[in-house]
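The following paragraphs lead the reader through one protein chain, from its overall make-up to individual residues. Please keep the sequence and the model in view while reading.

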Amino acid sequence: MQNSETNLILIVDDTPTNLEVLSEALTDAGFDVAVATTGESAIRQIEYDPPELILLDVMMPGIDGFETCNRLKANPKTKNIPIIFMTALSDTVDKVKGLSLGAVDYITKPFQQAEALARIQVHLKLQNISAAMEKQNVRLKQEIAERANAEAALQKLTQELEQRVTERTKELSQALQDLQNAQVQLIQTEKLATLGQLVAGVAHEINNPINFIHGNLDHASSYIDELLELLKLYQTQFPHPTPEIAQKSKEIDLDFLRADLPKIISSMAVGTQRIQEIVQSFRNFSRHDEAEVKEVDIHDGLDSTLMMIDHRLKTNTEYPPIQVVKEYGNLPPIECFAGQMNQVFMNVLSNAIDALEELMGEGHSYCSLSPMIRIQTEVMGTNRIAIRIADNGPGIPKEVQKRVFDPFFTTKPAGKGTGLGMSISHQIITEKHGGSLSCISNPGKGAEFIIEIPIQLLKFSNTNWWQSQEIATNPMQSQSFPHHRKDIAILNEL
């Protein structure tokens, strides 16, 4: 109803009943109320406690309302206080006289409470707006004066600033680049931390019961073999079973059960082994603390990543299966940030699948028959390897290739991609591993992403290279994201 500041209203009337009625109505509406019974006392009271608005009766002993209004408007301290006349008079001349003296409105007796409150609230709002505009005008005048002073000072500094513009521009450009790198690094760190939590939970919850089941299957198989041997011995010693036993053997097809039960146990063992392999792939995908450089088998990382996206490669109601052709070379152990390398593989492979699905969705016959992703690895020179991931999708236009590694650039529809995947991948390969990530593509002929990294990370730079990069891209990492290290520690315990 009112502003956060309580509005004080002064009621000037020599009739107690009027004072009581108005005071109660205004108090119930949330106003602070003061009263005066004569014009002289009202003027004295206003001097030391000015109200926000005055309700002034016209007919009073001593000086009347008109004279009281005239004196208040003549005083610079009180002239801006809005005055609403209260009168029982219906003569238009008296109303015009009151308004000509500076009153803003009038209300007639007997009072209509809703109308009186509405008029009061309107004039209080107008008063508040007027006061705010006055303050704003003062601020604007101050700002104009400050701007004039600033312009004068600026003119004096123009020559010096012209000499520093080029240097400052370079500094700002570098600061912007550092900020973008820090943003990408923070996003990457959060993604890996979330992934660590997910994989740790899934692997922990699945691994323990599956190990229990898989370990007991050997015992169950042995027990079943022994029971079947015992059954065979019974059949040998008692070749003529009772009619009840013979009937039950026929009902359960004993010969089939004896032949099929070992197969079921074997199938269960194969199933639990498969689940163990999936759990191991989860570990491999996010294994090792990505803040540390370790020797890993790159092929294990590729295989575990393929396992993570296996559901997207299989046949579904919309697309045929995507064939993955592996042409792995004889690679030595590679020093790298294993978790982040797997993230690069995930980004590149996911983009390849997206491209193939887009093409198949458009009904291109040549690709819908045999969509394919080819992964090749090889050693290059004495200290580098190359990982080539190619698809037979629609390809990438030249203008898109120029921006494919830019942060937040994406050609996908809204909600389908953030434009950070390839930018993060490029940063991981170039800044973290001193390698290169490039794209070769022609429209209609698919796309190939080539990852090159050193075999031994220490050989391409000094001993603390990756540590310096961590500080450069994320100077607060030692204090931030403590949960991130905790997640990886949980993974290492599984």
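Among contacts in the protein chain between residues at least 6 apart in sequence, what percentage join residues at least 24 apart? The share is 70%, where a contact means heavy atoms within 4.5 Å. The model is predicted, so local features are given only at pLDDT of at least 70 and side-chain atom pairs only at pLDDT 80 or more, whereas totals for chains, interfaces and linings use all residues. Residues are numbered from 1 along each chain as its sequence is written, and side-chain values use heavy atoms, with hydrogens and water left out.

The protein chain contains 15 helices and 12 strands; these are DSSP runs numbered from the N terminus, helices being H or I with at least four residues and strands being E with at least two. Of its 494 residues, 38% are buried. Buried stands for under 20% relative accessible area, exposed for over 50%, and partly exposed for the range in between, with a 1.4 Å probe and protein chains only. The chain exposes about 28,500 Å², of which carbon and sulfur atoms supply 55%; such areas come from the Shrake-Rupley method with a 1.4 Å probe, and for residues only the protein chains shown count as cover.

The largest nonpolar core has 44 residues. A nonpolar core is a set of buried Ala, Val, Leu, Ile, Met, Phe, Trp, Tyr and Cys residues joined through side-chain atoms within 4.5 Å. Ile-298, Ile-373, Ile-385, Ile-387, Phe-449 and Ile-451 touch the most other members of this core. Elements that give two or more residues to it include helix 8 (298–308), strand 9 (372–380), strand 10 (384–391) and strand 12 (447–454). Helix 10 provides the largest share, 11 residues. Beyond its neighbours within four places in sequence, Phe-449 has contacts that include Val-348, Ile-387, Val-404, Met-422, Leu-437 and Cys-439. A second, separate core of 20 residues includes Leu-10, Ala-34, Ala-42 and Ile-54.

A pair of aromatic rings is described by the distance of the centres and the angle of the planes. Rings of Phe, Tyr and Trp (its six-membered ring) pair if their centres lie within 6.5 Å; planes under 30 degrees apart count as stacked, over 60 as edge-to-face and the rest as tilted. The structure holds 2 aromatic pairs. Phe-66 and Phe-85 form an edge-to-face pair, 5.4 Å centre to centre with 70° between the planes. This pair links distant parts of the chain, with Phe-66 in helix 3 (residues 65–74) and Phe-85 in strand 4 (residues 83–87), 19 residues apart. Both Phe-66 and Phe-85 are buried. Tyr-234 and Phe-238 form a stacked pair, 6.2 Å centre to centre with 25° between the planes. Phe-238 is exposed, at a relative accessible area of 56%.

How many disulfides does the structure have? The count is 0, a disulfide being a pair of cysteine sulfur atoms within 2.5 Å. Cys-336 is buried at 0% relative accessible area, and Cys-439 is buried at 16%.

Several individual places complete the tour. Most residues other than glycine have a negative phi. Asp-253, although not a glycine, has a positive phi of about 50°. Asp-253 lies in the loop between helix 6 (243–251) and helix 7 (254–286) and is partly exposed, at 42% relative accessibility.

Gly-434 belongs to the loop between helix 13 and strand 11 and is partly exposed at 24%. Its C-alpha atom is separated by 7.4 Å from that of Pro-454, 20 residues apart along the chain. Pro-407 sits in the loop between helix 12 (398–401) and helix 13; the C-alpha atoms of Pro-407 and Gln-180, 227 residues apart along the chain, are separated by 7.9 Å. Finally, Leu-313 is in helix 9 (residues 310–313) and is buried, with a relative accessible area of 10%. Leaving aside neighbours within four places in sequence, Leu-313 is in contact with Leu-306, Pro-321, Ile-322, Val-324 and Ile-353.
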